Amino acid sequence: MGKYFSLLIGVVLLLSCANRQPGAEGQGDGLSYAQLLRLDGDSAITVLDPWQQGKTLQTLKATKPFKRVVVFTTVHCQLMEYLGVADRIVGVCDSKYILIKDIQRRLALASGAKGKIEDCGNSMSPDMERIMALKPDAIIISPYEGQSMQKIERLGIPIIYAADYMETSSLGRAEWMRYYGPLFGCERKADSLFHVVDSTYQGLKAFASRLPKGKSVLTERKTGAIWYTPGGKSTIGVTIRDANGGYAFANDNHSGSLALNFETILAKAGQSDVWAFKVNGSRLMTKADLLSEFKGYEALKAFRDGQIYECDCDEKPYFEETSWRPDYLLREMIILLHPGAKLGRLRYYQKLG
């Protein structure tokens, strides 16, 4: 499966998280990629405001590990699984989107059962009474610009502002596990996991750089009149570059998505070798489904050549995992764009039949 891919096995060797108190260990050595975090030697953790340069969103100093947490996002449920502290989750929002089997099992337990997780409703309008009844010692929320937190703040429960998704690099976002680790008393495990992620990513990147230039890729598909495609400096754009693949918008300087019409997509990326997109539904799409959605797809080279790959996000934990394991996504892109790389099977995408 390739010598660099074998590094992924290292995650099983991570140190135990049990009964550790947050301390200075692992926090005074700085951050490599995250731009919105400051870890100080006295265990204070500062989150910079992503929307107002020079301002602080939050500063936390955990004096003891959080033991009972309500989590508003499936992404952070996944991280708690990775860190071995998912047993501390007592409530979640948007439960229907969570693909983690043990969390779904615990949601289905009878009221009062040991390990029971409560469904706290929609993250945009959570059930405040249920959250209060759970008596959590922290709530994890992903904030967005202009969001009012007054109702939640009135509960008097510490809020962990999970602004990691605003980082402009995939490794920068993954490095936020070093922020969450001390809050749960497992900074060593968080640091070790991030070391595995970083080392594996860099190994895969070096591996790809020694391969001949890979295939070119077009991502996503048309939504209404617009085709949202990653900018050249976005996490996906950078991942394609690190996979030594071709991308029509590689020289673009945007870190977010580009909103383009189909004519622009066809002119600039219509000759891409591979078309890879994500779907949400009860089944994967067929060529007939795609043409029913938009007849113009047949003008794409990848459509004509049958080089179409789709990821069903209702079945595959793409967003949950790749937020913390960008090395998984880089490996996926290398496999897609370098068929002879011999890195094993695809983890998220599958070829349209």
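What covers the buried residues of α8? The model is predicted.

**Entry 1: the whole chain**

I counted secondary structure first. The protein chain has 13 helices and 17 strands. Next I looked up its extent. The C-alpha trace spans about 60 × 40 × 40 Å along the principal axes. I then checked the radius of gyration. A compact globule of 353 residues would have a value near 20 Å, and the protein chain has 21 Å, so the two agree.

I turned to burial and surface. Of the 353 residues, 53% are buried. The chain exposes about 16,500 Å². Carbon and sulfur atoms supply 51% of that area.

I also looked at contacts between residues at least 6 apart in sequence. Among these, 64% join residues at least 24 apart. I found 45 positive and 39 negative charges, and their mean positions lie 4 Å apart.

**Entry 2: the nonpolar cores**

I asked which residues touch the most other members of the largest nonpolar core. They are Trp-176, Tyr-179 and Trp-275, in a core of 90 residues.

**Entry 3: helix α8**

Back to my opening question. Helix α8 runs over residues 235–242, and six of its eight residues are buried. I listed them: Ile-236, Gly-237, Val-238, Thr-239, Ile-240 and Asp-242. The cover includes the helices α5 (170–174), α7 (187–209), α12 (318–322) and α13 (326–337). Strands β11 (217–219) and β13 (226–230) are also part of the cover.

**Entry 4: two positive phi values**

Most residues other than glycine have a negative phi. I noted two residues with a positive value. Asn-244 has a phi near 60°. This residue follows α8, in the loop between α8 and β14 (257–260). Is Asn-244 buried or exposed? Its relative accessibility is 15%, and the cut-off for buried is under 20%, so Asn-244 counts as buried.

Glu-220 has a phi near 65°. I found Glu-220 in the loop between β11 and β12 (222–223).

**Entry 5: Phe-194**

I went on to helix α7, where Phe-194 lies. Phe-194 has a relative accessible area of 5%, so it is buried. What is Phe-194 in contact with, leaving aside neighbours within four places in sequence? I found Tyr-33, Leu-171, Ala-174, Glu-175, Met-177 and Arg-178. I also looked up a distance from this residue. Phe-194 and Arg-105 are 89 residues apart along the chain, and their C-alpha atoms are separated by 28 Å.

**Entry 6: Glu-118**

My last stop was strand β6 (residues 118–119), which holds Glu-118. Not counting residues up to four places away in sequence, Glu-118 touches Val-90, Gly-91 and Val-92, and also Leu-107, Arg-130 and Leu-134. Glu-118 and Gln-104 are 14 residues apart in sequence, and 10 Å apart from C-alpha to C-alpha.

Conventions. Residues numbered from 1 in each chain as written. Predicted model: local features only at pLDDT ≥ 70, side-chain atom pairs only at ≥ 80, totals over all residues. Heavy atoms only, no water. Helix = DSSP H or I, 4+ residues; strand = E, 2+ residues; numbered from the N terminus. Rg over C-alpha atoms; globule rule 2.2 N^0.38 Å. Buried < 20%, exposed > 50% of the residue type's maximum accessible area, 1.4 Å probe, protein only. Contact = heavy atoms within 4.5 Å. Areas by Shrake-Rupley, 256 points an atom, 1.4 Å probe, with all protein chains shown as cover. Lys, Arg positive; Asp, Glu negative; His and termini not counted. Charge placed at Lys NZ, Arg CZ, Asp CG, Glu CD. Core = buried A, V, L, I, M, F, W, Y, C linked by side-chain atoms within 4.5 Å.
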